[in-house]
Amino acid sequence: MPHPLRLASSPFDGVRLLFLAIALLDAVVTITTLAASGSPAAERVAGAIAAVALAAHWLIGFRRGGFPLWSEPLETLALFAILRMTPGEPFLPLFGLVFRSCYGGPRLATARYVLWMGVLLAAHADRGASHVQGDLARALGTALVPLIMQALGGALRSSEASQRQLRSLVQNSTDVTTVVGADLRVRWQAESIRAALGVDPRAVVDQPMLELVHPGDRGELERYFADAEGRPDETRAMTLRMRHGDGSDRPFDVVASNRLHDESVEGFVLNLRDATERVELERELRALAAKREHDANHDPLTGLANRRKLFARIHEAIAEAKAGRLKLPLLLIDLDHFKELNDTLGHQAGDRLLQEIRPRLMAGVPEADLIARVGGDEFALLLPPGSTAEQAERAAQRLLRELEQPFRFQGLTLLVRASAGIAVFPEHGRDVETLMQRADIAMYSAKARGIDHEVYSASRDGHSRARLALIGELPDAITNGQIVTFYQPKFDLVTGQIAGAEALVRWDHPQFGLLGPGAFLPLAEQTGLMRPLTLRVLDDALGQCARWQAEGLDMTVAVNLSAPNLLDAGLPADVAALLDKRGVEPGRLQLEITETIVAADPVRVIEIMHELGELGVNLSLDDFGTGSSSFAYLRELPVQELKIDKSFILGMDGDPQAATIVNTIVELARNLHLKAVGEGIETEEARDLLRACGCDYGQGFLMARPMPPDQVVELALANRRAARAISRPAQVG
């Protein structure tokens with residue numbers, strides 16, 4: 001059924017309605033002219049009927065939105081009757097032509113014009129040459145009307161379609177668009193808020209925007225409105241809890257932009273996206289990471305802290321003790337003859353004994369800062385900063401007495417003895433490794449002397465002289481070429497090609513041979529040599545990168561930075577100078593930073609990272625996923641890459657939970673537009689799992705161990721030849 005006559009619902013309908021009104025008005029004028037003419041009554045009546053019929057026809061066509069093709073001849077006949085019977089020069093065919101040119105295609109509109117102009121000339125053919133010439137002038141003057149109206153109609157319809165599409169996209173998008181006026185009230189609300197927040201968009205309009213936000217998050221939005229005032233296009237991303245229609249609060253990612261200056265908007269535009277899944281994913285990821293961190297930092301048999309957690313806590317405690325100029329005692333405890341007990345009663349009995357030792361350790365020294373299982377039958381006990389060597393000795397005595405109480409197992413009574421060694425910061429060592437080493441020396445000295453505990457003494461340390469010698473030799477080693485750089489290739493997991501290499505430092509000592517970083521990096525940190533050592537490695541790595549590029553290898557080089565490096569304000573300038581010296585593009589250098597370094601002094605470290613990023617150097621967050629600090633700072637860090645900690649990679653092929661964490665980290669990297677690297681790949685299963693979940697790059701002994709630079713070139717060229725052989729089509733002949 002045709003709908004009643006209504007006002008125009010679109011711009012093109014408005015054009016049609018305008019010319020319809022003019023044509024109808026001209027029909028009234030024509031009827032009036034006929035009534036006042038001296039023509040016979042029959043002609044006047046016939047002409048008036050034709051004009052009324054034509055006007056009615058146009059009105060009905062407008063209501064229906066179109067005209068049937070069969071009506072064209074009748075319309076032309078009516079027009080001929082009107083022109084024939086009406087004296088003078090009625091404008092009805094001209095304005096009617098404009099109106100009717102809004103309907104049909106270009107061909108029909110042109111044909112209609114030719115037919116109507118032919119009718120005009122035929123109807124007035126007997127009125128003399130001057131009249132015919134006037135009709136010809138009118139015909140020529142309206143020759144372009146059909147084409148103009150068709151073009152106008154096409155343009156308006158296209159504009160209307162675009163507007164409808166845009167309106168549909170905005171109204172039905174999963175995102176919610178809200179326009180807030182300068183008075184902070186909602187001026188316009190997209191329909192999509194109904195699905196997102198379960199509220200009627202009409203009920204939201206004119207309401208204060210802050211009332212839609214959780215009270216705890218309103219301050220952040222208020223700060224944005226205050227900061228954006230007077231700053232056109234000021235944009236900010238936030239995560240706010242929004243009030244749902246069911247009374248609950250749901251997290252939304254909100255991007256707010258100041259468009260008060262835009263006359264078509266005159267408000268703040270807020271785009272809201274439901275962040276429930278993202279927030280839940282992050283919560284699950286944190287929970288998984290926390291569990292993984294707990295598992296990674298605790299001994300599964302006894303539940304005590306493990307060696308990794310012990311080292312981290314000693315590092316923190318040393319910083320506290322250094323700041324307060326306090327002493328820090330460390331005790332190492334080793335069970336005597338535990339191997340014989342295992343061999344006699346079996347490992348089950350040994351495990352049961354180790355489990356029962358835990359409550360005794362805790363009861364013997366309740367004031368301990370941390371108790372850890374270091375190895376098979378070795379335990380460590382860290383006293384709080386400020387404790388003295390005398391307090392440590394008394395604690396060792398209490399602890400050993402507690403351990404000497406009989407154990408009962410399977411009807412047997414077992415007596416266990418232990419030996420303890422004590423080392424104290426700072427007189428016995430100023431870093432974790434030194435304290436551990438010297439507590440271990442004291443413990444074995446106690447065993448050798450047949451006493452239950454001993455405090456470290458340099459007179460009984462055969463390692464001190466060698467250590468002092470290394471400290472004295474390290475500055476010359478940095479300058480005379482003994483510090484060498486090995487490289488571990490990094491592979492593209494999709495193509496299998498070498499994408500870059502990580503620089504790993506070694507000391508080619510003339511007496512002790514090739515020393516790993518653990519033998520001298522602590523010395524470098526202790527003696528303030530990290531800056532020259534790092535610059536030495538950076539210079540070697542950039543020089544090697546330039547040589548690789550000259551040999552046609554498109555590879556990046558990565559260098560690890562330590563805490564002293566990232567607290568050095570001169571680091572960016574040093575890096576810029578070395579890049580210029582070696583002629584290497586900044587994008588070919590990648591600097592790797594661990595999350596523990598960021599957590600040590602986040603403000604200063606992040607500032608220096610931004611300065612490095614401004615040079616064009618790529619930054620990588622190493623050991624990602626082992627702690628929560630990286631999540632806290634990830635949004636602020638200008639990194640391009642996440643290196644998944646190898647503790648997850650090593651277990652992912654047999655541990656579904658580890659595989660889930662790796663998958664989640666890879667997905668997080670993808671969502672943040674970062675590259676993901678899996679390090680520590682030792683099995684084909686782990687490599688295949690990483691490739692399947694979309695990890696970009698991989699490192700590990702499965703693919704390549706650290707090697708001299710010339711071997712990297714050989715491997716890269718062999719890798720390239722193999723890829724070309726695979727891709728080359730087989731030849732038949």
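Helices here are DSSP runs of H or I with at least four residues, and strands are E runs of at least two, numbered from the N terminus. This is a predicted model, where local features need pLDDT of at least 70, side-chain atom pairs count only at pLDDT 80 or more, and totals for chains, interfaces and linings use all residues. Residues are numbered from 1 along each chain as its sequence is written, and side-chain values use heavy atoms, with hydrogens and water left out.

**Leu 147**
- Leu 147 sits in helix H7 (residues 145-172).
- With a relative accessible area of 47%, Leu 147 is partly exposed (buried is under 20%, exposed over 50%, partly exposed in between, with a 1.4 Å probe and protein chains only).

- Most residues other than glycine have a negative phi, and most peptide bonds are trans.
- Asp 206 counts as exposed, at 53% relative accessibility.
- Asp 233 isn't a glycine either, yet has a positive phi of about 65 degrees.
- You'll find Asp 233 in the loop between H10 and E3, partly exposed with a relative accessible area of 42%.
- Phe 425 and Pro 426 are joined by a cis peptide bond, with omega about 5 degrees.
- Pro 426 belongs to the loop between strand E11 (418-425) and helix H16 (432-449).
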